[in-house]
Amino acid sequence: MTTETDTDTDTDTDTDVFEEHRPVLLGVAYRMLGRVTDAEDVVQEAWLRWSRADRGEVREPRGYLVRVTTRLAIDRLRQVKARGETYVGPWLPEPYVTDFGDTVPDGAERAVLADSVSLALLVVLESLSPLERAVFVLREAFAYPYAEIAAVLDRGEAAVRQLAGRARRHVDERRPRYQVDPAERRELTERFLAAAAEGDLAGLMSLLAPDVRLVGDSGGKSKAPLRVLETADHVGRFLVGVARKGVPDLSYRFLEVNGGPAVLLLSAGRPDSVFQIDVLDGRVQAVYVIRNPDKLRALDTVGR
């Protein structure tokens, strides 16, 4: 006979198992969707399915949970694409605060994880089909064997290998090159922030690569360029113009976003924007500015 205490213990165990794997599930869902809120919704739905699952049918909890989460994310992506919504201006992923800390002590593994969640990569992943994206994420970010990915997607291994090859070629052709050395990136971010805040055009020009790009994401809900700005002259002059207009009661703090150093700009203590740079050969190759208020809500507590 099952007692109330036995039931409570089982529930606690189920919760503990799920919470143990939650970071991986959120990592999969976010890389699939590029949206923190959508990823959290998918993980919550995965929890509901886990709580109702027949434990006798679950041989390996992590595999089961990753399979459920991946399939839910694929369904969510297909729904988004089917709606055919038009986004106003350039699109960037919702900022995802990452802090691998002591959980990923190996430098090489940390670099792989950081690269797999970078803004530049996630923009490219938006152009993949849902299945291609799932295969790429599981293979490249989490090193899943092809056979396990095939089981997750209920596809043959040969088909999965074809999807992986197609996705990898697509990403390699479109992803810009940059360096992921966090120390150099942080140092250049600090110099970039100082020059931009002071409206120092000469200082900015010394940091910007000639073919630098600035991508601003406002979703049409705040002020930001509605097209990608290109060349050091255009980007530098735009940033100087922004500095001259100013932001009321401006403050800022550094944080790690999408695997690299970033700056959260605050107006009267509330998130105004997030910016991050990509670096190659000691120069800023790309500037990402996220100002869509819908994408900054999760950072409100960070700013307090």
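Biologist: In which sense do strand 4 and strand 5 pair, and over how many bridges?

Modeller: Two strands pair if DSSP finds at least two bridges between them. Here strand 4 (residues 260-267) and strand 5 (residues 270-280) pair in the antiparallel sense over five bridges. Helices (H or I, at least four residues) and strands (E, at least two) are DSSP runs, numbered from the N terminus. This is a predicted model, in which local features need pLDDT of at least 70, side-chain atom pairs count only at pLDDT 80 or more, and totals for chains, interfaces and linings use all residues. Residues are numbered from 1 along each chain as its sequence is written, and side-chain values use heavy atoms, with hydrogens and water left out.

Biologist: What is the order of the six strands in the open sheet?

Modeller: The order is 2-1-6-5-4-3, with mixed pairing. Strand 2 (229-230) and strand 3 (250-257) are the edge strands, each pairing on one side only.

Biologist: Which strands does helix 9 lie across?

Modeller: Contact means heavy atoms within 4.5 Å. Axes are lines fitted to C-alpha atoms, for helices over the stretch in contact, and angles run from 0 to 180 degrees between N-to-C directions. Helix 9 (residues 182-198) lies across strand 1 (208-217), strand 3, strand 4, strand 5 and strand 6 (283-290), at about 125 degrees to strand 5. Helix 11 (residues 232-245) lies across strand 1 and strand 2, and runs at about 50 degrees to strand 1.

Biologist: Which residues of helix 8 are buried?

Modeller: An α-helix has 3.6 residues a turn, so residues three or four places apart point the same way. Buried means under 20% relative accessible area, exposed over 50%, and partly exposed in between (1.4 Å probe, protein chains only). In helix 8, Val160, Leu163, Ala164, Ala167, His170 and Val171 are buried. These residues fall within an arc of 135 degrees seen down the helix axis, so they line one face of helix 8; the arc is that of the directions from the axis to the C-beta atoms. Ala158, Gln162, Arg169 and Glu173 are exposed on the other side of helix 8. The cover over the buried residues includes helix 5 (119-125), helix 6 (130-141) and helix 7 (146-153).

Biologist: What is the mean pLDDT of the chain?

Modeller: pLDDT is the predictor's confidence in each residue, from 0 to 100. The chain has a mean of 89, and 90% of its residues reach 70 or more. Over residues 1-9, however, pLDDT stays under 50.
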